[in-house]
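Student: I am new to this structure. Can we go through part of it step by step?

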Amino acid sequence: MVEGESYVDESMITGEPIPAFKSAGEKVVGGTLNKNGSLTFRATRVGKDTVLAGIIALVQEAQGSRPAMQRIADRMVVYFIPTILTIAAAAFVYWYLIAHNTLLFSLTALISVLVVACPCALGLASPTAITVGIGRGAELGILVKSGEALEAADRLSLVAFDKTGTLTVGRPDVVDLFALGMDERELLLFAASAERPSEHPLAEAVVRRAQEEGLDLIPAEQFRALPGKGVVARVDGKRVVAGNRILFGEMNIDFPDDLLQKAAAYEEEGKTAMLLAVEGREGMDGRAGGVLAISDQLKDSAASAIEELKGMDLEVVMITGDNPRSAARVAERIGIQKTLAEVLPEEKAHEVRRLREAGSRVGFVGDGINDAPALAEADVGIAIGSGTDVAIETGDVVLMKDDLLDAVAAIQLSRKVISRIKLNIFWAFAYNALLVPVAAGALYPVYGITFRPELAGLAMALSSVTVVTLSLLLKRYVPPATRQKAIRIEGTGG
């Protein structure tokens, strides 16, 4: 950057919801958002050398390196067909050449084996369950792009989450207030009135909280924004100062010990502390009168989703570009033991690759452009539908609602579908295991029972009907996480 100073929203790259302060000499990334101020910058990287082009290249590389999944039924058919052909040929040879039976009897045994063992049921076992499962997912707001994604999700051993916009709401909000010498509503009124002319996201958070509280804001006069420090304005004839310790130190405004301790406690929790002073109000000249704690809030469903995943014997990891302290606080609140912080977009994909190379089958849940390489690198990429188009395009599973319990439901649905495929295959083989020996004439020497081709055709049809019926029952399946979400919504009156 050549000249100017401003706050730049770099969340698309770093995942950090609070814009970074930039001044002359610092680097800015093309595609990030200038929130206020005027900037003059010189392009040092263009075309394939830009950050976005690098992310696209990482996505393409990761997608090309993932091995294609082979369907369960496909693996079975490799052994099934040669086995049946061998049994049919052996039955003909035995009855005609060894037992010296008639050619008609021997051919009937051969044909009956081939008909009853026709792999229709086996061929229907996987696609019918997958089709019904994907349709059921769509009804639940879970878009699964392929059957391979379902099979891969069933085999996951670890789920990694992005933090900002995935586990958290993705925007700063006022989460705590502490006032000295005034009540909290008055503190919020003065802070929001002074901050309303500002375009900074922290100011927007304060104004939004005041509006939610139903406060009528007072027009601010003589407003001044001090980049990297805060704002000064006159509200209702009083000078209001809102900002950080640096600003208050420059203006010789004292901090009462109680206030300083509260601000430090907020910062220890990973929150941003905004100090406030109202000069001209009785008893408050020359000292700070309150502090507002601002942070990105956790989604309501975050803790429940993590608990559900742990209950499914899945390891949970958080991978974020945020600083270690904020990441640790979030992880602690929702029960995540392993956290990787200050990870850049290209490093996210490398971290996912390292987890896979260590033997884990990894699902990654994310929402931003910066998550796209990791979504592509993971065995299953789960994209939040409210996120960016790049993430949605890259993910194998897309959640239409911004609820993390849907990510859990997607895995539960995958497990159910794959277990139903295995059940279908079991019944397909059960029919064959029971009826192929009969069709081959195993009961004829003792009981004189043969299995005519028309009866073999009926049995083959029944096996197909059984498999299709079992698959259709998936339409009634409700993942446990979906039931929990419904209970939560009911409890909040939503």
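Student: In the hairpin of S9 and S10, which residue takes a positive phi?
Tutor: First, the ground rules. This is a predicted model, where local features need pLDDT of at least 70, side-chain atom pairs count only at pLDDT 80 or more, and totals for chains, interfaces and linings use all residues. Residues are numbered from 1 along each chain as its sequence is written, and side-chain values use heavy atoms, without hydrogens and water. Strands are DSSP runs (E, at least two residues), numbered from the N terminus. The hairpin has three residues between its strands, and the one with a positive phi, near 80°, is glycine 228.

Student: How many bridges join S9 and S10?
Tutor: Strands pair if DSSP finds at least two bridges between them. Alanine 220 has valine 235 in S10 as its bridge partner. S9 (residues 220-226) pairs with S10 in the antiparallel sense, and the bridges number five.

Student: Which residue in S11 stands opposite valine 232?
Tutor: S10 and S11 (residues 238-243) pair in the antiparallel sense over six bridges. Their hairpin has two residues between the strands, and aspartate 236 takes a positive phi near 55° there. Opposite valine 232 stands valine 241.

Student: Why is S10 largely enclosed by the rest of the structure?
Tutor: Buried means under 20% relative accessible area, with a 1.4 Å probe and protein chains only. S10 spans residues 230-235. It is largely enclosed because, of its six residues, the number buried is five.

Conventions:
Buried < 20%, exposed > 50% of the residue type's maximum accessible area, 1.4 Å probe, protein only. Helix = DSSP H or I, 4+ residues; strand = E, 2+ residues; numbered from the N terminus.
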